Amino acid sequence: MPLQDTTHLTPAHLAKRWSVTAGHLANQRSAGIGPASLKLGGRILYRLVDIEAYEERALVTGVSA
């Protein structure tokens, strides 16, 4: 089975994407919420596929104010 390229984002990149702080993402990880993350060699990384899946689950439509 061939290996597929997977794009990873650092907490700083994801924080910028979502307009939140890296500390907010750290709090989410600590609380066990938010997108799945990897801890490799002391580095935290997020797979783009997991981020997109999390965003899709959080999508709200048809809500009136």
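1. Taking contacts between residues at least 6 apart in sequence, 48% join residues at least 24 apart. Please keep in mind throughout that this is a predicted model.

2. On the overall layout, the protein chain contains three helices and three strands. Read from the N terminus, these elements follow the order β-α-α-β-β-α. Of the 65 residues in the protein chain, 20% are buried. The protein chain exposes about 5100 Å², and 54% of that area is supplied by carbon and sulfur atoms.

3. Now to helix α1, which spans residues 11–18 and has P11, L14 and A15 as buried residues. These three cover an arc of only 105 degrees around the axis, so they sit on the same side of α1. On the face of α1 turned away from the buried side, you will find the exposed residues A12 and K16.

4. What do the buried residues of α1 pack against? Their partners are β1 (8–9), α2 (22–31), β3 (43–47) and α3 (48–58). The pairing with α3 gets its own point below.

5. Two packed helices are described by the angle between their axes and the distance between the axes. For α1 and α3, the angle is about 30 degrees and the axes are 12 Å apart. Angles under 35 degrees count as roughly parallel, and α1 and α3 are therefore roughly parallel to each other. Their crossing is right-handed. On the α1 side, the contact is made by L14, R17 and W18; α3 contributes L48, I51, E52, Y54 and E55.

6. Finally, a word on what comes after α1. The helix is followed by S19, which has a positive phi, near 60 degrees. S19 takes this positive value although it is not a glycine. Where does S19 lie? This residue is in the loop between α1 and α2. Is S19 buried or exposed? Its relative accessibility is 68%, and exposed means over 50%, so S19 counts as exposed.

How values were computed
Residues are numbered from 1 along each chain as its sequence is written. This is a predicted model: local features need pLDDT of at least 70, side-chain atom pairs count only at pLDDT 80 or more; totals for chains, interfaces and linings use all residues. Side-chain values use heavy atoms; hydrogens and water are left out. Buried means under 20% relative accessible area, exposed over 50%, partly exposed in between (1.4 Å probe, protein chains only). Helices (H or I, at least four residues) and strands (E, at least two) are DSSP runs, numbered from the N terminus. The arc is that of the directions from the helix axis to the C-beta atoms. Contact means heavy atoms within 4.5 Å. Accessible areas come from the Shrake-Rupley method with a 1.4 Å probe; for residues, only the protein chains shown count as cover. Axes are lines fitted to C-alpha atoms, for helices over the stretch in contact, and angles run from 0 to 180 degrees between N-to-C directions. Angles under 35 degrees count as roughly parallel, over 145 as roughly antiparallel, 65 to 115 as roughly perpendicular and the rest as oblique. A crossing is left-handed if the near helix is turned anticlockwise from the far one by less than a right angle, and right-handed if clockwise.
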